[in-house]
Amino acid sequence: MSNNTTSSFGRGRCYFKVVDHYENPRNVGSLDKTSKNVGTGLVGAPACGDVMKLQIEVDDQGKIVDARFKTFGCGSAIASSSLVTEWVKGKSIAEAMTIKNTDIAKELCLPPVKLHCSMLAEDAIKAALQDYRVKQQDIEIEAVKASN
Amino acid sequence: MVSLTIFRIICTSEALHILPKLFANRRCLSKTSIYATLCKNFINFSSKDTQNNSCFKPVSESTGKHVSSLLRTFSTASEKLNCWNCGHSVEQTPAFFCIFCNFVQPPDEGASYFQIMDCDQTFALDTQRLQKRYLDLQRTLHPDNYTHKTVKEQEFSEYQSALVNKAYRTLLKPLSRGLYMLELKGMHIQEGTDAGADPTFLMELMEINEALDGARSREEVDKIGAATREKLNDLTKRIEASLHKGELQAAKAFLVQMKYFANIEDKQDQ
């Protein structure tokens, strides 16, 4: 693409980021939600009717080794969740908790009207992390009960 | 757009110079008079002044009386409008044309879409009657009829025609109609995640979306489409019942569900 074309969009690289995630989404799919190493976050945005599922697989050292998503909604919502799955891979639970919607929006150059999509992705990853944490707590409780 | 007749602004001296820019939309000024108070000085400018582009004229400091008269006249009640062309009073709401000179009027800011389309403010709506009203209105309001008229008439016809379009589109579909009715009662669906959403419901939505995504034949798509339409019809009945009983929270919850299913219905055409 010529320089003229990209510069005519103003933020040429940013424009193509969302399109890229939409056309070549990374990590689309599902993980086994019954597995004890998998946390699942399922969120919905009532105003626009988007639904987003984000799943993480965590190893025994507490590091996220895999992440998958499925989003039904606009391009910005798909791109936001796709980006989050890219970001969390290789991170610890604590690091993943620090992902902010503002970071996502900045990376994808989301316009103001689409900021809620990045918010949805942040809520999805937080929900997945929470689900994993709750699962681990339940496992611990079971282990304590069993040993008594 | 807010419907006001008298709008009171209190601002610092620095902000005063930007006030005229705030009201660049003359249309909303046709019904408002604007009073700005700055400490002890009262600056009074009316819609006429701003149309002439002059900013404001300071009023003398007399004004213990002036203050109380300002306070008394602060109201959001509907003002009696006069035709901009012949000056006769325009009584009806909403007013499209002056009944004396028949000149097109600016849109009535205080009229709801239901009033514009001459429908009762109920969720149950005769869409055929709505469509007829829409066509009748556009027949007289559409800008194509005003190509040889004055600039002001062309402008007003554009605004009126656009507003009628918006009213028609909003009232035609149950989802937008229901959401609009909630809006009229001051209820909005906020942006962002619904923290209290039922996980089972979200799971169901995911599964339907995934099934639609994975559908390989037209029959599969149609099957999902039929199930979705049934769901939408069921929700329409529930929304009607809730709104009729004034149960706004319940109606809102059903409208949210409807939004999700409406998205699914839109997808099946793709």
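Me: How much space lies in the largest cavity?
Reply: A cavity is a set of points on a 1 Å grid over the protein atoms alone where a 1.4 Å probe fits but cannot get out. Its volume is the space filled by probe spheres set on the points, which are joined across faces, edges and corners. A search of the whole structure for cavities of 30 Å³ or more finds 1. The space in the largest cavity is about 50 Å³.

Me: What kind of model is this, and how are its parts labelled?
Reply: Residues are numbered from 1 along each chain as its sequence is written, and chains are lettered from A and ligands numbered from 1 in the order in which they are written. Side-chain values use heavy atoms, without hydrogens and water, local features need pLDDT of at least 70 and side-chain atom pairs pLDDT 80 or more, totals for chains, interfaces and linings use all residues, and the model is predicted.

Me: Which helix gives the most to the lining of the largest cavity?
Reply: Lining residues have an atom within 4 Å of a cavity point, and here they are A:G49, A:V51, A:F72, B:L205, B:N209, B:Y260, B:N263, B:I264 and B:K267. Helices (H or I, at least four residues) and strands (E, at least two) are DSSP runs, numbered from the N terminus. In chain B, α10 (199–214) and α12 (248–267) each supply at least two lining residues. With 4 residues, the helix that gives the most is α12(B).

Me: How many residues of this lining are charged?
Reply: Asp, Glu, Lys and Arg count as charged; Ala, Val, Leu, Ile, Met, Phe, Trp, Tyr, Cys and Pro as nonpolar; and the others, Gly among them, as polar. The lining has 5 nonpolar and 3 polar residues, and its charged residues number 1.

Me: Is A:T71 buried or exposed?
Reply: A:T71 lies in strand β3 (residues 64–72) of chain A. Buried means under 20% relative accessible area and exposed over 50%, with partly exposed in between (1.4 Å probe, protein chains only). Because its relative accessible area is 10%, A:T71 is buried.

Me: With which side chain does the side chain of A:T71 make a polar contact?
Reply: Beyond four places in sequence, A:T71 touches (heavy atoms within 4.5 Å) A:V51, A:M52, A:A77, A:I78 and A:S81. A polar contact is a pair of N or O atoms within 3.5 Å; within protein, one must be able to donate a hydrogen and the other to accept it, and residues adjacent in sequence count only if both atoms are side-chain atoms. At 2.7 Å, the partner of A:T71 is A:S81.

Me: Why does B:C83 count as buried?
Reply: B:C83 is found in the loop between β5 (81–82) and β6 (89–90) of chain B. Leaving aside neighbours within four places in sequence, B:C83 is in contact with B:H88, B:V90, B:C98, B:C101 and B:Q105. B:C83 counts as buried because its relative accessibility is 4%.

Me: How far apart are the C-alpha atoms of B:C83 and B:V104?
Reply: Along the chain, B:C83 and B:V104 are 21 residues apart.

Me: What percentage of residues 112–184 of chain B is helix?
Reply: UniProt, in an unreviewed entry, lists these residues for "domain: J"; such annotations may be inferred rather than shown by experiment. The end C-alpha atoms of this stretch are 8 Å apart.

Technical notes. On a 1 Å grid over the protein atoms alone, a cavity is a set of points where a 1.4 Å probe fits but cannot get out, and a pocket is an open set with protein on both sides within 12 Å along at least five of seven lines; lining residues have an atom within 4 Å of a point.
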